[in-house]
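Colleague: I am new to this structure and would like to learn how to read it one feature at a time. Could you give me the general idea behind each feature, and then the case at hand?

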Amino acid sequence: MLKKQFITLYIVLCPLVLFAANRPGFGDRRYSVTGMAEYSFNRTWGHHANFDVQALMPINKHFEMEAKLQFSTANVHTGAVLLRPKFELPVGEMFVETDMLYKAVARNRMSDMTAALGLGYRMDYVSVTLGLFSRVFINWDRSIHTDETYVVEPFNLLYRLEVFCRPQDNPWNLSFIISNVDDYQMERMWQPLFMVGAWYDVTDHWRINLGVQCKPTGMFHLDASFYGATARTGFTYRF
C-alpha cells in the first residue's frame, strides 16, 4: 500500500518538479538575435526610418552581454555594448549595468560617446534602474588638438521604471516605461521618454515585438510640447 502511494505521489510531483526546474527566469533570458524596423519623427530630423539589430548573450545565470546596432535614414547611426552582472535575491534580482554607447550624427558631422553605470532591481512585475552617465560630444571638423573639438557632460542622472502587466516569463506581455534612456539614446534627466512595449511568443524560438515611444520637450520645466515619436515592430529568434 505504501509503495503504491509513493508511486502515485511520484507521478503527480514529477511533472511539477520538471516544470519548476525548466521555468525560465526574468524574460526567458536565452541567447537571441532581434531585428526591428522603426518609423520615427522628431522636430530635428523630420520623418525617418530606423533598422535595429540586437544580440543577447547570457554567459551564465550571473552575467550577460548585449550588443546593439541601429542604422537610420536620417544618417544617424548608433552602436552600444552593455554588460550586466546579476545577483539573485530571496525575492527578485539585483543587477549592475555598464553601458557604452556611440552615436555618429553624420548629417551634422559630429558624434557623442556615452558611458553609463546603473544599479537595478527587478521582480516579476516591475524593474527599476538608477545610475549616472557621462557624455562627450565630438566635432568632426575641428582639430583634435583644440579644446573646441570636445564638449563634455560629466554627470547626468539615469533612471528607468518599467511595469509589466504579467510576469516577465509569460509568453505574452505588455509593459509601460518612463525613462531618460533607451537602447540607442541617453537624454538629460528632464527629457523623459514614455514607452509602451509588447511581445508575443509565436513558438518556443520566435517572438514578435511591438513598441511605441513618445518624447515631450522640457517635461520638468512645465513645457510638455511634442518633440518626437517612434513606432517599432520586429522579431526575435531565441536559441
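**Reading strands, charges and surface**

Modeller: Let us begin with a pairing: strand E4 (residues 76–88) and strand E5 (residues 93–105) run antiparallel to each other over 11 bridges. The model is predicted, so local features need pLDDT of at least 70 and side-chain atom pairs pLDDT 80 or more, while totals for chains, interfaces and linings use all residues. Residues are numbered from 1 along each chain as its sequence is written, and side-chain values use heavy atoms, with hydrogens and water left out.

Colleague: What lies between E4 and E5, and which residue stands opposite lysine 86?

Modeller: Four residues lie between E4 and E5 in a hairpin, and glycine 92 in the turn has a positive phi of about 85 degrees. Lysine 86 stands opposite phenylalanine 95 in E5. E5 also pairs in the antiparallel sense with strand E6 (residues 110–122), over 13 bridges, and there tyrosine 102 faces methionine 113 in E6.

Colleague: How should I read the charged side chains, and how many salt bridges does the structure hold?

Modeller: In general, side chains of opposite charge can pair when their charged atoms come close. A salt bridge is counted when a side-chain nitrogen of Lys or Arg is within 4 Å of a carboxyl oxygen of Asp or Glu, and the structure holds 16 of them. One network of salt bridges links Glu64, Glu66, Lys68, Arg84, Lys86, Glu97 and Asp183. Within it, glutamate 66 meets arginine 84 at 2.9 Å, N to O. Because glutamate 66 lies in strand E3 (residues 63–72) and arginine 84 in strand E4, this pair ties together parts that are 18 residues apart in sequence.

Colleague: Where does aspartate 183 lie, and what does its pairing with lysine 68 tie together?

Modeller: The side chains of aspartate 183 and lysine 68 meet in a salt bridge of 2.9 Å, N to O. Aspartate 183 lies in the loop between strand E10 (181–182) and strand E11 (185–186), whereas lysine 68 is in strand E3, so the pair joins parts 115 residues apart in sequence. As for cover, buried means under 20% relative accessible area, exposed over 50%, and partly exposed in between (1.4 Å probe, protein chains only). Lysine 68 is therefore buried, at 6%, while aspartate 183, at 29%, counts as partly exposed.

Colleague: Is asparagine 173 buried or exposed, and which backbone oxygens lie by its side chain?

Modeller: Asparagine 173, found in strand E9 (residues 172–179), is buried, with a relative accessible area of 2%. A polar atom of its side chain lies 2.8 Å from the backbone oxygen of arginine 166, and one lies 3.0 Å from the backbone oxygen of proline 167.

Colleague: And at the surface, where does phenylalanine 155 lie, and is it buried or exposed?

Modeller: Phenylalanine 155 lies in strand E8 and counts as exposed because its relative accessibility is 65%.

Technical notes: Pairing = 2+ DSSP bridges. Helix = DSSP H or I, 4+ residues; strand = E, 2+ residues; numbered from the N terminus. Polar contact = N/O pair within 3.5 Å; in protein donor to acceptor, adjacent residues only side chain to side chain.
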